[in-house]
Amino acid sequence: MLIAIVTISDRASRGQYEDVSGPAIETWLREVIVTPFEIVRQIVPDGVVPVRDVLLALCDEQHADLILTTGGTGPAPRDQTPEAMREVVTSELPGFGEQLRRASLEQTPTAILSRQMAGTRGTSLIINLPGKPASIRFSLDAVFAAVPYCLDLIGAGRIETDPARVKTFRPASS
């Protein structure tokens, strides 16, 4: 199981400030997932081309099962993660973005500005997360119960979670 974490930030990619979002995602994953997995982390600048290119490489060359991005989903001109995603994914999964915004609205009224989305490319699931560590934890808590079954459906690696943290939902076999 290969999980990629991609921090999307002009300033972090130039070393102007420390990436705290990527480590926050990794910490959460290590608390929740109980099956063995490997993590690769990358930091790229904002913009369609750098985000698209790293996502394509992670899907098509490294065959990452799960890719979690952080940053670049707001309305600012440099926030172009959704545009890059649309150039990469073959199937959009709008329910993830809807749930991420719904859950985030419980914390902040500015959640309606988010353009988070998710989708698949081959056997990779890509989910866009917010850039703030507190929001990352809240967002992952809101959607991760569906992630293992989605990975099953697309032929990716199998993930099991600690049910005390996230109760994975898989329909009963018929």
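Visitor: What makes the approach of the R170 side chain to the side chain of E160 a polar contact?

Guide: In this predicted model, the two side chains come to 3.4 Å. A polar contact needs a pair of N or O atoms within 3.5 Å, so the pair qualifies.

Visitor: Which backbone atom does the side chain of R170 reach?

Guide: The side chain of R170 reaches the backbone oxygen of I159, at 2.9 Å.

Visitor: Why is R170 called partly exposed?

Guide: The relative accessibility of R170 is 21%. Buried means under 20% and exposed means over 50%, so R170 falls in between and is partly exposed.

Visitor: Where is R170, and which residues is it in contact with?

Guide: R170 is in the segment after helix 7 (147-154). Leaving aside neighbours within four places in sequence, its contacts are P148, Y149, D152, R158, I159 and E160.

Visitor: Why is E26 called buried?

Guide: E26 has a relative accessible area of 18%. The limit for buried is under 20%, so E26 counts as buried. E26 is in helix 2, and its contacts beyond four places in sequence are I5, I39 and R41.

Visitor: Why is L113 not called buried but partly exposed?

Guide: L113 has a relative accessible area of 46%. Buried would need under 20% and exposed over 50%, so L113 is partly exposed. L113 is in the loop between helix 5 (94-105) and strand 5 (118-121).

Visitor: What makes up the nonpolar surface patch that includes L113?

Guide: L105, I112 and L113 make this patch, which is about 290 Å².

Visitor: Which residues touch the most other members of the largest nonpolar core?

Guide: They are L29, L66, I127 and F144, in a core of 29 residues. At least two residues of this core come from each of strand 1 (2-8), helix 2 (21-32), strand 3 (66-70), helix 5, strand 6 (124-129), helix 6 (133-143) and helix 7. Helix 2 gives the largest share, 5 residues.

Visitor: Which residues is L29 in contact with?

Guide: Leaving aside neighbours within four places in sequence, L29 is in contact with I3, I5, F37, I39, L68 and F144.

Visitor: How many residues are in the second, separate core?

Guide: The second core has 20 residues, among them V6, V48, A64 and A84.

Conventions:
Residues are numbered from 1 along each chain as its sequence is written. This is a predicted model: local features need pLDDT of at least 70, side-chain atom pairs count only at pLDDT 80 or more; totals for chains, interfaces and linings use all residues. Side-chain values use heavy atoms; hydrogens and water are left out. Helices (H or I, at least four residues) and strands (E, at least two) are DSSP runs, numbered from the N terminus. Buried means under 20% relative accessible area, exposed over 50%, partly exposed in between (1.4 Å probe, protein chains only). Contact means heavy atoms within 4.5 Å. A polar contact is a pair of N or O atoms within 3.5 Å; within protein, one must be able to donate a hydrogen and the other to accept it, and residues adjacent in sequence count only if both atoms are side-chain atoms. Patches are made of residues with over 30% relative accessible area and no salt bridge: like charges are joined within 9 Å, nonpolar side chains (Val, Leu, Ile, Met, Phe, Trp, Tyr) within 5 Å. Accessible areas come from the Shrake-Rupley method with a 1.4 Å probe; for residues, only the protein chains shown count as cover. A salt bridge is a side-chain nitrogen of Lys or Arg within 4 Å of a carboxyl oxygen of Asp or Glu. A nonpolar core is a set of buried Ala, Val, Leu, Ile, Met, Phe, Trp, Tyr and Cys residues joined through side-chain atoms within 4.5 Å.
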